[in-house]
Amino acid sequence: MEGDNCSFPADLSDDHSQRGSVASSATLSRAQDVLVYLFGESAVHLSMEGLGSVSVQELGRSVREALQIPESAPDAFAFWLCSPLLELQLKARHQPYKLCRQWQDLLYRFTDASEDDISQDEPYLQYRRNVFYPKSKELQIKDETVLRLLYEEARSNILSGRYPCDPEHWAGLGALSLALEEGPGLDSQQITTKIREKKLPSFVPAHVAVGSGGFFSTLRGKSSRQAELEQKLSEEYGKISKSTGGSPEPQQLLHQYLSMCHTLPYYGCAFFCGEIDKPVQGILQRGRRKAVSVGICLDGVYVMDVKEKHVLLGLRFSELSWDHSRPEEEGDSHILWLEFDGEEDGTPVNKLLKIYSKQAELMSGFIEFCVELMSTSEGGAANEPGVPQEPARQEAGTRNGRGGRRGMLQRQGSVVCSRVHSLNTISYVDNGKEIKRLKPKRAASFFTRQATAPTYSAVNTESLEQG
């Protein structure tokens with residue numbers, strides 16, 4: 001799980017940790033060095049006494065003091081335990097050292113990693129954006145240090161492809177990065193020189209810089225593609241110089257970068273790993289799965305193709321129902337079920353998407369927590385930390401409850417928009433009395449809807465975890 005919600009496993013203790021017990025209190029009472037990593041290849045070096053019992057809340061005060069983060073933005077960041085196998089946002093009460101001692105237990109429970117990979121994996125402590133910090137508050141921040149931290153994290157997610165974006169986005173963002181690093185007054189020749197010095201992957205996503213490969217890409221040549229990308233960045237850089245008057249303050253450029261990232265609906269998401277079924281195209285492809293990344297934030301749920309770097313399905317909480325099912329037999333998988341409105345041969349249907357993941361329990365709890373925050377916000381508590389300040393989107397003619405239809409998803413040619421046609425889903429029609437099966441068939445009575453939920457349809461099954 002990634003996020004400060006009630007689904008964080010509470011039944012793990014040091015007595016059962018596969019890494020053994022925490023070091024003696026005598027050892028940990030002395031001052032110990034702690035490295036807290038930031039995005040942008042930097043870290044905060046602290047010396048802490050009683051490290052074994054230091055909480056996230058206590059550690060946060062020291063980090064904010066070291067970074068000189070103003071009191072006006074204490075909730076913008078959170079501590080995360082991260083490794084290539086798992087990322088967890090910690091709560092204020094958590095004790096990072098003890099959780100590190102339980103890391104192997106967490107990996108066995110929430111990943112499919114091999115024993116060798118688990119035994120060699122080591123988490124690191126990272127200070128990064130709080131999933132529940134509203135985007136609207138970011139644009140009110142004036143402190144350059146805070147804006148730089150948010151910028152470095154967003155930039156890393158853009159360049160790594162974690163935030164899929166279209167050419168007009170990554171070109172504009174790359175040009176803003178260049179302006180922030182080198183200033184906005186470069187001419188075209190200087191721009192080209194700087195891009196070549198720092199390499200294209202410093203400004204555009206790695207998969208864009210490398211290209212998709214293939215026969216036609218080879219014919220066109222690497223140099224031709226590089227020249228094309230350099231030209232695109234140069235054009236966008238020129239627009240920045242004109243729009244800002246030539247000498248913008250760093251805060252202005254940082255705000256522009258974050259504002260452009262905010263147009264991506266999955267900005268600020270916590271991300272989980274999973275797999276979905278590939279559409280069956282023949283006997284030889286039966287049972288094959290596709291790796292996906294599932295982003296969850298206060299705005300909704302986004303399922304992304306890890307390889308192709310585009311969104312497969314994006315849903316607001318008012319547009320989905322969900323459930324988590326545990327394995328019933330050996331060899332079965334944990335599954336997160338997402339139900340949404342779709343169409344089958346011109347007939348409105350309910351569609352089910354199965355996401356296979358050991359993190360399904362965490363995702364389900366995370367969704368539930370976000371929905372509760374949304375409900376609290378609508379009930380008049382919109383000033384709570386992490387609660388969005390804008391109401392949930394309602395489609396024209398939307399009716400909630402059993403038999404109601406939510407707004408139909410529209411697919412466009414952008415990487416940001418859903419590709420429902422490429423999903424292997426289960427379709428059915430709920431007419432208010434009984435379920436009419438469409439191919440492929442599914443087990444009956446999987447879903448029932450609540451008519452009382454104000455902005456979403458929660459799923460009631462015996463297997464639903466309460467986080």
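K199 counts as exposed, because its relative accessibility is 53%. The scale is this: under 20% relative accessible area is buried, over 50% is exposed, and partly exposed lies in between, with a 1.4 Å probe and protein chains only.

What you see is a predicted model: local features need pLDDT of at least 70, side-chain atom pairs count only at pLDDT 80 or more, and totals for chains, interfaces and linings use all residues. Residues are numbered from 1 along each chain as its sequence is written, and side-chain values use heavy atoms, with hydrogens and water left out.

Back to K199. It sits in the loop between α9 and α10, the latter covering 206–210. Its phi is positive, about 80°, although K199 is not a glycine. K309 also has a positive phi, near 60°, and is likewise a residue other than glycine. You will find K309 in the loop between β8 (300–305) and β9.

Now the whole chain. The protein chain has 14 helices and 14 strands. These are DSSP runs numbered from the N terminus: H or I of at least four residues for helices, E of at least two for strands. Of the 467 residues, 50% are buried. Take the contacts with a separation of 6 or more: 66% of them join residues 24 or more positions apart. Contact here means heavy atoms within 4.5 Å.

On to helix pairs. How do α8 and α9 pack? Helix α8, residues 167–182, meets helix α9, residues 188–198, at an angle of about 95°, and the axes are 12 Å apart. Axes are lines fitted to C-alpha atoms, for helices over the stretch in contact, and angles run from 0 to 180 degrees between N-to-C directions. So α8 is roughly perpendicular to α9. For the labels, under 35 degrees is roughly parallel, over 145 roughly antiparallel, 65 to 115 roughly perpendicular, and the rest oblique. On the α8 side the contact uses L178, E181 and E182; on the α9 side, I191, K194, I195 and K198.

The second pair is α7, residues 144–160, with α13, residues 250–262. Their angle is about 40° and their axes are 10 Å apart. These two are therefore oblique to each other.

In α4, residues 103–110, six of the eight residues are buried. They are W103, Q104, D105, L106, L107 and F110.

Finally, strands. Strand β11, residues 335–344, pairs with β12 in the antiparallel sense over ten bridges. Pairing requires DSSP to find at least two bridges between the strands. The two form a hairpin with two residues between them. One turn residue, D345, has a positive phi of about 55°. E344 stands opposite T347 in β12. Strand β12 runs over residues 347–356, and seven of its ten residues are buried, so β12 is largely enclosed by the rest of the structure.

One last stop. Is S318 buried or exposed? It is buried, with a relative accessible area of 7%. S318 lies in the loop between β9 (310–316) and β10 (321–325). G300 is 18 residues from S318 in sequence, and their C-alpha atoms are 8.4 Å apart.
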